[in-house]
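Dear colleague,

Please find below the structure that I am handing over to you. My notes on what was found in it follow directly after.

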Amino acid sequence: MLYQILAILILLNEESNAPNDSLSSNSTSGVNKLLFQDLRETRRLHPKNFIAAYVNINSLRYKFDEVKDLLTDNIVDLLMIAESKLDNTFQDNLFQVEGYKLQRRDRNQYGGGLLTLIKSDFPSSRKQCFESDILENICYEIYINDAKWLIIEHKPLSMKDRCLLKISDSA
């Protein structure tokens, strides 16, 4: 199979842009609104382009309303969320958005987890055969403008995780 590599137009990382006190907040912060305004401006400037975004959200359950607004306004076609901090006690229907397909790869409610929302207009399928048992990732095949793309959402390992991985590899 031949795939094209998707270039992500915008990389948003709340942890690197937000003050520490806003990360622990149980409500959406002004920082999120600024980040999402950037996405809105990108859509305004490029109304016909496929727009994908990656957000380290630091717990989706506290910020889902803002994410839902972003999607229902058709601002992004693909939204990849890291640090969703969900587990199997959170049902999919809590995070469904009309017109989008939802896929999750949970760790637990205290850390990690990935969630992807892809606009239903784009034919796509999850490719678990490319997903790792060791790394936190979700893989998709998606058709955009008659081209097949392989999209991989990946949350990099922490330094501690890398050390453990190195030790287990050398054993």
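**Helix 4 and what follows it**

Helix 4 is followed by Asn74, a residue whose phi is positive, near 55°. Please bear in mind throughout that this is a predicted model. Most residues other than glycine have a negative phi. Asn74 sits in the loop that joins helix 4 (64-72) to strand 4 (78-82). Its relative accessibility is 41%, so Asn74 counts as partly exposed.

Within helix 4 itself, the buried residues are Phe64, Glu66, Val67, Leu70 and Leu71. Viewed down the helix axis, these buried residues fall within an arc of 160°, which means that they line one face of helix 4. In general, an α-helix has 3.6 residues a turn, so residues three or four places apart point the same way.

**The chain as a whole**

The protein chain contains 5 helices and 9 strands. Their order along the sequence is β-β-α-α-α-β-α-β-β-β-β-β-β-α. The chain has 171 residues, and 46% of them count as buried. Among contacts with a separation of 6 or more, 57% are between residues 24 or more positions apart.

**Confidence in the model**

The average pLDDT of the protein chain is 77, and 70% of the residues score at least 70. Over residues 1-31 the pLDDT is below 50, although this stretch has 59 contacts in the model beyond near neighbours in sequence. Residues 162-171 also have a pLDDT under 50, and for them the model has 4 contacts beyond four places in sequence.

**The nonpolar cores**

Which residues touch the most other members of the largest nonpolar core? They are Leu60, Val67, Leu71, Val76 and Leu79, in a core of 23 residues. The elements giving two or more residues to this core are helix 3 (30-45), strand 3 (52-56), helix 4, strand 4, strand 5 and strand 6 (114-119). Helix 4 provides the largest share of this core, with 4 residues. Another core, of 16 residues, lies apart from it; among its members are Phe50, Leu114, Ala147 and Ile151.

Leaving aside neighbours within four places in sequence, Leu71 is in contact with Val76, Leu79, Val97, Tyr100 and Leu117.

**Ile81 in strand 4**

Ile81 belongs to strand 4. With a relative accessible area of 0%, Ile81 is buried. When neighbours within four places in sequence are set aside, Ile81 is in contact with Val55, Ile57, Leu60, Val67, Gly113, Leu114, Leu115 and Glu153. The C-alpha atoms of Ile81 and Arg104 are 9.4 Å apart, while the two residues are 23 residues apart along the chain.

Glu83 is located in the loop between strand 4 and strand 5 (100-105). The phi of Glu83 is positive, near 55°, and Glu83 is not a glycine. Is Glu83 buried or exposed? With a relative accessibility of 10%, Glu83 counts as buried.

Glu83 is also one of the residues touched by Gly112. Not counting residues up to four places away in sequence, Gly112 touches Glu83, Ser84, Lys85, Arg107 and Glu136. Gly112 occupies the loop between strand 5 and strand 6, and it is buried, with a relative accessible area of 0%. Along the chain, Gly112 and Ser59 are 53 residues apart, and their C-alpha atoms are separated by 8.9 Å.

Glu131 lies in the loop between strand 7 (124-126) and strand 8 (136-144). Its relative accessible area is 14%, and the limit for a buried residue is under 20%, so Glu131 is buried. With which side chain does the side chain of Glu131 make a polar contact? The partner is the side chain of Arg126, at 2.8 Å. Leaving aside neighbours within four places in sequence, Glu131 is in contact with Arg105, Arg126, Asn137, Ile138 and Cys139.

Yours sincerely

Terms used. Residues are numbered from 1 along each chain as its sequence is written. This is a predicted model: local features need pLDDT of at least 70, side-chain atom pairs count only at pLDDT 80 or more; totals for chains, interfaces and linings use all residues. Side-chain values use heavy atoms; hydrogens and water are left out. Buried means under 20% relative accessible area, exposed over 50%, partly exposed in between (1.4 Å probe, protein chains only). Contact means heavy atoms within 4.5 Å. A nonpolar core is a set of buried Ala, Val, Leu, Ile, Met, Phe, Trp, Tyr and Cys residues joined through side-chain atoms within 4.5 Å. pLDDT is the predictor's confidence in each residue, from 0 to 100. The arc is that of the directions from the helix axis to the C-beta atoms. A polar contact is a pair of N or O atoms within 3.5 Å; within protein, one must be able to donate a hydrogen and the other to accept it, and residues adjacent in sequence count only if both atoms are side-chain atoms.
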